[in-house]
Amino acid sequence: MSFYGLVDGSDSSLKKYLGGLSGVDQVGADARASMLATRSIKTTSKRWAIDTAISMVDLTTLEGADTPGKVQALCTKAVRPDPTDSTVPSVGAVCVYNDMVGIARKHLDLIGGSHVGVAAVSTAFPSGRASMPVKIQDTQDALDAGASEIDMVIDRGAFLSGDYITVFNEIVQIRELCGERAHLKVIFETGELVTYDNVRKASFLAMAAGADFIKTSTGKVAPAATAPVVLVMLEAVRDFYSMTQTRIGVKPAGGIRNTKDAIKQLVLVNETAGPEWLTPSLFRIGASALLNDLLMQRMKMDDGYYASPAYVTID
Amino acid sequence: MSNRIDVKKTYKLFINGAFPRTESGRTYEIKNAKGVFIANPCLASRKDLKDAVVAARAAHSGWNKASAFNKGQILYRIAEMLEGRRTQFVQEIVLVTGVTKVKAEKEVTESVDRLVWYAGWSDKLSSLSGALNPVAGPYYNFTVPESMGVIAAIAPESPSLLGLIDAIAPVIVGGNTVIVLASTKAPLSAMSFAEVIATSDVPAGVINVLTGKKDEIAPWMASHMDIDGMDISGLGAKSHGAVRIAGAENLKRIYSFNSADPGRILAFLEHKTVWHPIGL
C-alpha cells in the first residue's frame, strides 16, 4: 500500500506526518459551527435538503435486543421509508451488528432493495477492546455475510496513549481485508478523544491508512456528533483532498434526531468541504429516530399541516 | 423618591414549563378601555404552536399515568397559588378591562373556586362516568374513561381569567395535556396565570399558554395532526365552520361550550372497555 505517499508505514514517518498537522482553534471552530447553525433553509431548498438527508441516512439499530424481525422491519423501512409515498428516496444503508448482516442483506434483496447497502459495525464494537485476531474474525464474518460497508472502531486507548502506529496498523489490516468488497468507515468516538486536535489527528491518521469514510461516534457515548466536531472532520477531508486529490467521506452519528439537526449538518458540509460532498457516497448520517422526523417534515411540506408521530412507524 | 425607573414586565409565552419569547419575534399592542398603551404581548406563530404540541405530547404519558388523587391535588395547588396572588390578578383585570375593583375581585374569587371545583372531579370521574357492565359470561366488564391526548383550547375574550380556567382545568383534570390560546384583548391574566402554573407542581408541558390572534392560530390548531381534540368556545362564531372543516380532515373532536359543567371534562375523555375474569 502506498498510503498516498504521505507515510511509509513506519512509526517514525507516521509521527512526522501527524506532528506536522496544524492545530485546531477550538474557540474558532465552536464559533464557526454555531454561526453556520443559524442559517435558515426554507421552501424548495428545504425540500431538497430533506430528500437529500433521507438518501444519506444510515438507518441504524444497534441494540442487544435486536431481533431478526426488527431488522427485517428496518430493512423494509429503509427501502420505502414512507409506504404511502413512492417519491420518498431509499436511505443510504442499514447499519446493524454483524450477526444481523445476513438477515438484512437477504431481506433487502427479497423486497427489491438491492441498491440499499448493509453496514456492519465491526472490530469489537463499540469499545474496540479485543485482540487483533478477534477483530479480524469479526470483520471477516460481516464480509462473508454480505456487508457492503464496514464501520470499524479504533482503539481509543492506544490512540490516547500516543501509540498511533497500532491504530494505524489496525486500520490498514482491516482495509486490506475489506479489499474491493466493502467500503471502510473508521469510527473515532470523538466523545472520548477529548480535544479537537485529537479529532483532526485521528482523521488524518485514518485517511492515510485507507479509510473511505471517517465517522464521529458509535452512538453509545455522549457527546457524539456535535457540530464543531463534524466541522473539524470536514475541514480534515477538505485539506486531505487538496493534498491527495482523493475525496474521503464523513459520517456523523449519534445525537442527530430531527430535521433541523440534519439540515445543519448539510449546511456544514456545503460550507466546509463543498457541494461535491453533498452525496450519499461522501456523506452519511448515522441515525434511527431522525428518519421519522424527516418523513414528518416532508409530509408537512406536501400537505401544509403538521404531521403526527402516530402516522409513522415506531422503530 | 419618584425618580426610580419603572420595572416593566415582559409578557412571554409559556411552553414546556419555560417562558420563551415567540420564535417569530412578533408582538402586538394591547391598550386599556381608554386607549392607553399597556403592554406588548407575543403574537404566537405556527412554530410556537408546533413547539407547544411537541411539549404537550411528551408530557401526556406521564400526566395521564398520574393518579386521580395526585392530579386533583395539583389542581388544588393551582387554586392555592392563585389565591395567594389575588391582588395582582385584580389589578391586572382592572387595568386591562376597566371594570370596577369589586367586579374584578369577584372574577378572581370565582376563578379560585372554579379550580377547586374542577379539582374535586378528578377522583370521581371514573366512578361516575365509568360502568360495570353486565355480560353473558363469567367476566367483569368495566368501562373506564381515559384521556384523549393533546387538546387545544381557545379561551374566550372575556372574562379573561375565569374563561381561561374553564379552558384549561376541565381538559387536564381527565389526564389530557393542553395548549391554550389566551384572550387576545386581555392576555395579561393568562400570562400571570402561567406564572401560577409554573409554581404549582404542574409537570412541564401539561399546560402551555400562547397569546396571539385567534383567527390566525385556530386553523393551524385544527389542521395539526398531533392535536386530538379542540375546545373552540372562545372563538368567534363566524370562524367555527372553517375550523370544524379543517379538523374533520384529521378526525379531530371539536367542541364548543357555553357553561362550566362536567360535560366539559367528559368531552375530552374516551371510554374504554376491559374484560376481567371473575374469580382470579
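This report covers selected helices, residues and backbone features of a predicted model.

## Basis

The model is predicted: local features need pLDDT of at least 70, side-chain atom pairs count only at pLDDT 80 or more, and totals for chains, interfaces and linings use all residues. Residues are numbered from 1 along each chain as its sequence is written, while chains are lettered from A and ligands numbered from 1 in the order in which they are written.

## Helix α8 of chain A

Helix α8 of chain A covers residues 164-178. Helices here are DSSP runs of H or I with at least four residues, strands are runs of E with at least two, and both are numbered from the N terminus. The expected span is 1.5 Å times one less than the number of residues.

The buried residues of α8(A) are Tyr164(A), Val167(A), Phe168(A), Glu170(A), Ile171(A), Ile174(A), Arg175(A) and Cys178(A). They cover an arc of only 160 degrees around the axis, so they sit on the same side of α8(A). The arc is that of the directions from the helix axis to the C-beta atoms. A residue is buried if 20 or more other C-beta atoms lie within 10 Å of its own, exposed if 12 or fewer, and partly exposed in between; C-beta atoms are placed from the backbone. An α-helix has 3.6 residues a turn, so residues three or four places apart point the same way.

The cover over these buried residues includes α1 (11-19), α6 (132-144), β4 (149-153), α7 (156-160), β5 (183-187) and α9 (196-209) of chain A. Just after α8(A) comes Gly179(A), with a positive phi of about 50 degrees.

## Helix α6 of chain B

Helix α6 of chain B covers residues 160-173. Its 14 residues should span 20 Å at 1.5 Å a residue, and its end C-alpha atoms are 20 Å apart, which agrees. The helix is mostly covered: 14 of its 14 residues are buried.

Pro159(B) lies in the loop between β5 (150-154) and α6 of chain B. The peptide bond from Ser158(B) to Pro159(B) is cis, with omega near 0 degrees. After α6(B) comes Gly175(B), whose phi is positive, near 105 degrees.

## Helix pair α2 and α4 of chain B

Helix α2 (residues 68-84) and helix α4 (residues 101-121) of chain B have axes that come within 8 Å and cross at roughly 170 degrees. That makes α2(B) roughly antiparallel to α4(B). Angles over 145 degrees count as roughly antiparallel, under 35 as roughly parallel, 65 to 115 as roughly perpendicular and the rest as oblique. Axes are lines fitted to C-alpha atoms, for helices over the stretch in contact, and angles run from 0 to 180 degrees between N-to-C directions.

On the α2(B) side, the contact residues include Leu75(B), Ile78(B) and Leu82(B); those of α4(B) include Val112(B), Leu115(B) and Val116(B). Contact means C-beta atoms, placed from the backbone, within 7 Å. The residues of this contact divide into ten nonpolar, three polar and one charged. Ala, Val, Leu, Ile, Met, Phe, Trp, Tyr, Cys and Pro count as nonpolar, Asp, Glu, Lys and Arg as charged, and the others, Gly among them, as polar.

## Contact between the chains

Five residues of chain B are in contact with six residues of chain A. The chain B side divides into one nonpolar, two polar and two charged.

## Two buried residues

Lys252(B) sits in the loop between α9 (237-248) and β9 (253-255) of chain B. Lys252(B) is buried, with 22 other C-beta atoms within 10 Å. Leaving aside neighbours within four places in sequence, its contacts are Ala222(B), Ile227(B), Asp228(B), Gly229(B), Met230(B) and Gly247(B).

Thr259(A) is found in helix α11 (residues 259-272) of chain A. It counts as buried, with 21 C-beta neighbours inside 10 Å. Not counting residues up to four places away in sequence, Thr259(A) touches Ile50(A), Asp293(A), Leu294(A) and Gln297(A). Thr259(A) and Lys46(A) are 213 residues apart in sequence and 9.6 Å apart in space, C-alpha to C-alpha.

## Backbone exceptions in chain A

Most residues other than glycine have a negative phi, and most peptide bonds are trans. Thr43(A), in helix α3 (residues 43-56), has a positive phi of about 40 degrees. Thr43(A) is exposed, with 8 other C-beta atoms within 10 Å.

Thr123(A) has a positive phi of about 50 degrees. Thr123(A) counts as buried, with 30 C-beta neighbours inside 10 Å. It is found in the loop between β3 and α6 of chain A. Pro126(A) lies in the loop between β3 (117-122) and α6 of chain A. The peptide bond from Phe125(A) to Pro126(A) is cis, with omega near 0 degrees.
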